[in-house]
Amino acid sequence: MKIFSVICHNGLGHYKRSIAVLSELQKQFPHGQITVACEQWQIDRMQDWDVAVAFFKEEKVRVLPGLVFPGVYWDKNPENYQDRRLLQWHKRLENVKELYSADVVLSDNLTQVLHYRRDAVLLGSFLWSDILEDAYPNNPFIQAFVEEERALLTKHTPFMLCVRDIVMPGVTSQAKAVPLPWFCEGNTHIRKRGESEERYKIALLGGATDSITNELEHLAVELSHSKDIEIFLPKELWAKFGGENIKIFDHAASSFASLDLIVCRPGVGTLTDGVCYGVPIASIHEAGNIEMTHNGQMVEQLQIGINLGTPSALGESKDKIVNFLASAAYKQSKEKILTRPKDGVNASVNWLVNHLKQLV
């Protein structure tokens, strides 16, 4: 068994989802060869994730960095797309022999792999063409990419493994969507807040994409003034604001399990962590990104948290968070988030195994 995986470099959600699936596939096919095209910074940033560390130690796992970057990604400045990376990145795959010899090719949110493997299986709950066209409809470099992606989808109609709760309409209309539960690992721990705890533990997480970093920094300072709240920040932000009421968040399972609320840009990776560990979400995101708008709306529709929208008035965001923690809606969100289906990793592996059997 030979597996080739291509992972989008835009953040860590793509990476975490793909590696979780690949790790389980490796267990099912211990003698198989798995080749992963991802970026070294993604591996380095997730060294506290035992699943990934163990996976990359396997003798049959090979990493090919430098194939997807620079490539498809989200940028608030449309001028940064003028280097044609959206259209040209995939040409680095053209002579990668492992891509052609693989029994199955998995591509996380990168449809252009279909140029070389029309049978590739996609992972993701949105399409880059939808996101970028909505944000920058008049950018010729983006429009060329949109036309190319949609032509590939029309020609090949690939299977696309997605999260049922947040999948966007473009996926269900342009691909053979396979709706699945959230991509959680089987050993996630759900914490129940103790009655004697005096302060709420809140992590402010922007993900690897820095679209709202400044807003989260200011919001952390505002919230830290509340005697009822203890703030946690990733170490990069903590270095600026560390103090009595602001501590480092290390992304370990036990740290997620200790939280009462995650304030975050609602990327799929951070939302997945919230669902997996049963921690309600306060969604806040940059303007102009319809994926973030959609995910924030779904947080509220699923009643697993609150949608703060775009950070227009940080004082208002602070008040909304404080009021939410004291509300019946917060108690309901703790109950609702526990009911979300969480077996997406195993479900995707089972689907892939059955898919492979049908190809033989």
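Visitor: How are H1 and H12 oriented to each other, oblique or perpendicular?
Guide: They are oblique to each other. Keep in mind that this is a predicted model. The axes of H1 and H12 cross at roughly 60°. Angles of 65 to 115 degrees would count as roughly perpendicular.

Visitor: And within what distance do the axes of H1 and H12 come?
Guide: They come within 7 Å. H1 covers residues 13-28, and H12 covers residues 268-277.

Visitor: Why quote both an angle and a distance?
Guide: Two packed helices are described by the angle between their axes and the distance between the axes.

Visitor: Which residues in H1 and H12 meet?
Guide: On the H1 side, Gly13, Lys16 and Arg17. On the H12 side, Val268, Gly269 and Asp273. By class, this contact has 1 nonpolar, 2 polar and 3 charged residues.

Visitor: Take Asp273. Buried or exposed?
Guide: Asp273 counts as buried, because its relative accessibility is 10%. The cut-off for buried is under 20%.

Visitor: What is Asp273 in contact with, leaving aside neighbours within four places in sequence?
Guide: Lys16 and Phe256. Asp273 itself sits in helix H12.

Visitor: Switching to cysteines. How many disulfides does the count come to?
Guide: The count comes to 1 disulfide. Cys184 and Cys276 form it, with their sulfur atoms 2.0 Å apart.

Visitor: Where do Cys184 and Cys276 lie?
Guide: Cys276 is in helix H12, while Cys184 is in the loop between strand E7 (176-180) and strand E8 (200-205). The pair therefore ties together parts that are 92 residues apart in sequence.

Visitor: Is that disulfide left-handed or right-handed?
Guide: Left-handed, because the torsion about the S-S bond of Cys184 and Cys276 is about -95°.

Visitor: Are Cys184 and Cys276 buried or exposed?
Guide: Both Cys184 and Cys276 are buried.

Note on methods. Residues are numbered from 1 along each chain as its sequence is written. This is a predicted model: local features need pLDDT of at least 70, side-chain atom pairs count only at pLDDT 80 or more; totals for chains, interfaces and linings use all residues. Side-chain values use heavy atoms; hydrogens and water are left out. Axes are lines fitted to C-alpha atoms, for helices over the stretch in contact, and angles run from 0 to 180 degrees between N-to-C directions. Helices (H or I, at least four residues) and strands (E, at least two) are DSSP runs, numbered from the N terminus. Angles under 35 degrees count as roughly parallel, over 145 as roughly antiparallel, 65 to 115 as roughly perpendicular and the rest as oblique. Contact means heavy atoms within 4.5 Å. Ala, Val, Leu, Ile, Met, Phe, Trp, Tyr, Cys and Pro count as nonpolar, Asp, Glu, Lys and Arg as charged, and the others, Gly among them, as polar. Buried means under 20% relative accessible area, exposed over 50%, partly exposed in between (1.4 Å probe, protein chains only). A disulfide is a pair of cysteine sulfur atoms within 2.5 Å.
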